[in-house]
Amino acid sequence: MPHVYSVPQGSVLGPHQFIFYMADLADEVQEHQVNMHTYADNTQLYKHCRHYDNAAAVTRLETCLNGVSHWMAANRLKLNAEKTELLWAGSRFSAEAQLGSKGQSVQFGAETVSASDHVRVLEVTFLSDLSLDKHIASVC
């Protein structure tokens with residue numbers, strides 16, 4: 001039976017089909033004035049804000065995540081809350097970097113994503129002050 005709603009893994013056209021399949025996701029994210037970066041099937045959403053504007057950024061991210069979750073459900077995909085991470089980041093002198101895991105969490109649907117002191121992006125570990133100290137320690 002042919003797959004009606006999937007991209008065949010290992011095929012030459014698979015990556016191109018996946019890009020076409022996911023193209024509308026960027027439009028969904030852009031509607032919420034949130035930035036997006038993708039690499040293969042990894043997607044990062046991010047929003048720049050000042051320390052005094054964290055609440056507005058959280059609201060915008062929550063609205064965006066709900067929109068993305070609905071878009072994914074309509075396209076027979078699922079947003080994996082267990083793999084979703086939240087990092088309040090900035091220079092080591094900024095208030096955002098000092099927040100770390102004490103930063104405000106984000107909620108979408110019935111899921112809550114708590115802030116973390118570090119996240120992994122494509123196997124590289126970033127701390128909230130954007131240093132690579134933890135990554136370097138794990139590699140060495």
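**Fold, core and local geometry of the predicted chain**

Cys64 has a relative accessibility of 0% and is therefore classed as buried, where buried denotes under 20% relative accessible area, exposed over 50%, and partly exposed the range in between (1.4 Å probe, protein chains only). Cys49 is also buried, at a relative accessible area of 15%. With a disulfide taken as a pair of cysteine sulfur atoms within 2.5 Å, the count of disulfides is zero.

The model is predicted; local features require a pLDDT of at least 70 and side-chain atom pairs are counted only at pLDDT 80 or more, whereas totals for chains, interfaces and linings use all residues. Residues are numbered from 1 along each chain as its sequence is written, and side-chain values rest on heavy atoms, with hydrogens and water left out. The pLDDT, the predictor's confidence in each residue on a scale from 0 to 100, averages 78 over the protein chain, and 81% of the residues score at least 70. Confidence is highest in helix H2 (residues 54-74), with a mean of 90, and lowest in H3, with a mean of 57.

Secondary structure was assigned from DSSP runs, numbered from the N terminus, with helices (H or I) of at least four residues and strands (E) of at least two. The protein chain contains four helices and eight strands, arranged along the sequence as α-β-β-α-β-α-β-β-β-β-β-α. Among contacts (heavy atoms within 4.5 Å) with a separation of 6 or more, 49% involve residues 24 or more positions apart.

Buried residues account for 27% of the 140 residues in the protein chain. In soluble globular proteins, nonpolar side chains tend to be buried together. A nonpolar core is defined here as a set of buried Ala, Val, Leu, Ile, Met, Phe, Trp, Tyr and Cys residues joined through side-chain atoms within 4.5 Å. The largest such core has 21 residues, and the members touching the most others are Leu25, Val29, Val68, Leu79, Leu86, Trp88 and Phe108. At least two residues of this core come from each of helix H1 (14-31), H2 and strand S4 (106-108). H2 provides the largest share, eight residues.

Strands are treated as paired if DSSP finds at least two bridges between them. Strand S1 (residues 35-39) and strand S2 (residues 42-46) run antiparallel and are joined by five bridges. Two residues separate S1 from S2 in the hairpin, and Ala40 in the turn has a positive phi of about 55°.

Positive phi values also occur in loops. Gln33, a residue other than glycine, has a phi near 55° and is located in the loop between H1 and S1; its relative accessible area of 52% places Gln33 in the exposed class. Arg76, likewise a residue other than glycine, has a phi near 60° and belongs to the loop between H2 and S3.

Ala89 is situated in the loop that connects strand S3 (86-87) with helix H3 (95-99). Ala89 is partly exposed because its relative accessibility is 34%. Its C-alpha atom is 5.7 Å from that of Asp129, a residue 40 positions away along the chain.
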